[in-house]
Amino acid sequence: IIPLWMPLPSNGNSSSLGGSRPLFYFIAVGLGYILVEIAFIQRFVLFLGHPTYALTVVVFLMLLASGAGSLLSRRWIAEPLQVRVPLAMIVVLLAAYFAILRPLLAALVGLPFAAKLAVSAVLLAPLALVMGMPFPTGLRALKSAGQDTVEWAWALNAASSVLGSVVAMAIAIQFGLHVGVWADRVPAGHFADFHVQAPGGLIRSCKPNRSMPDTDETRKLLL
C-alpha cells in the first residue's frame with residue numbers, strides 16, 4: 001500500500017498519486033476476496049469434518065468458479081462501469097449467505113461426505129463466479145484508459161491478499177464468528193461501496209471425519 005503515496009514508475013501517462021488512485025480498487029478487490037474466502041474456510045471446517053477438507057474444497061471451488069467468472073466477464077461486462085452489476089450481486093449473495101448459511105449447514109451436517117461436497121459446490125460456485133469478475137474488469141479499464149500501472153495493479157492486489165489473510169484471522173480471533181468488511185473505491189472517477197458480511201470464526205481442532213455425526217452438539221457448533 002505504501003507505493004500509492006510514492007511516485008510510480010511511468011512512461012509518461014501517470015507518475016503521481018492522482019494516477020495511482022485507481023489502484024485502491026485492486027487493493028479492495030484483493031482484501032475482499034481473501035477475507036470472504038477465509039471466512040468460508042472457517043465456516044466449512046465443522047461441516048466437512050476437518051480443516052484440511054475445508055481448505056481444499058473451499059479454495060478449489062472458489063478458484064475454479066472465479067476463473068470461470070473472469071473468463072465470462074469479457075463477454076458480460078462490455079463497459080468498466082458495468083462492474084457495478086457483479087458488485088451488487090456479491091452484496092446480495094453475501095447477505096443471503098449471512099442469513100441462511102449457518103442453519104443450512106447445521107441441518108445438512110449428517111449427510112454423507114460426497115453429498116457434502118455437492119452442497120459445498122452449489123453454495124460456493126455462484127458467489128465465486130461473480131467474485132471473479134471485478135479484477136479482470138478493472139485491468140481492462142486501466143488498459144482502455146491508457147494507464148501504465150497494470151503491473152502495480154497485479155502487485156498490490158497480491159499484496160493485499162496476503163495482508164488480508166492475516167487480518168481475517170485477527171478479526172476472527174478478536175470478534176468471533178461474524179465478520180464485517182468494507183471495501184470501496186472503484187476507478188474511473190466512480191465509487192461503489194459494498195459491505196461484505198460473511199461468517200467467520202476460529203478453526204476448531206478435530207480429527208478427520210468425513211461424515212460427522214448428526215448430533216445436537218455438532219449442530220450447536222455450526223450455529
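**Confidence, fold and ring contacts**

Guide: The mean pLDDT of the protein (the predictor's confidence in each residue, from 0 to 100) is 75, and 66% of its residues reach 70 or more. This is a predicted model, in which local features need pLDDT of at least 70 and side-chain atom pairs count only at pLDDT 80 or more, while totals for chains, interfaces and linings use all residues. Residues are numbered from 1 along each chain as its sequence is written, and side-chain values use heavy atoms, with hydrogens and water left out.

Visitor: Where is confidence lowest, and where is it highest?

Guide: Helices (H or I, at least four residues) and strands (E, at least two) are DSSP runs, numbered from the N terminus. Strand 2 (residues 194-199) has the lowest confidence, with a mean of 35, and helix 5 (residues 113-131) the highest, at 95. Over residues 179-208 the pLDDT is below 50, although the model gives this stretch 82 contacts (heavy atoms within 4.5 Å) beyond near neighbours in sequence.

Visitor: What pattern does the protein follow along the sequence?

Guide: The order is α-α-α-α-α-α-α-β-β-α, made up of eight helices and two strands. Among contacts between residues at least 6 apart in sequence, 76% join residues at least 24 apart.

Visitor: What share of the residues counts as buried?

Guide: Buried means under 20% relative accessible area, exposed over 50%, and partly exposed in between, with a 1.4 Å probe and protein chains only. Of the 223 residues, 44% count as buried. One case is Ser160 in helix 7 (residues 150-175), which counts as buried because its relative accessibility is 4%. Beyond residues up to four places away in sequence, Ser160 touches Phe26, Ile27, Gly30, Leu31 and Ile34.

Visitor: How many aromatic pairs are there?

Guide: Rings of Phe, Tyr and Trp (its six-membered ring) pair if their centres lie within 6.5 Å; planes under 30 degrees apart count as stacked, over 60 as edge-to-face and the rest as tilted. By this rule there are seven aromatic pairs. Phe44 and Phe47 form an edge-to-face pair, because their ring centres are 5.9 Å apart and their planes lie at 85 degrees. Both residues are buried, and about one helical turn separates them because they are three residues apart in helix 2 (residues 23-48). Ring pairs also link Tyr25, Phe26, Phe135 and Trp154 into a cluster.

Visitor: Which residue lies over the face of Phe47?

Guide: A charge sits over a ring if NZ of Lys or CZ of Arg is within 6 Å of the ring centre and within 35 degrees of the ring normal. Here Lys116 lies over the face of Phe47, at 5.5 Å from the ring centre.
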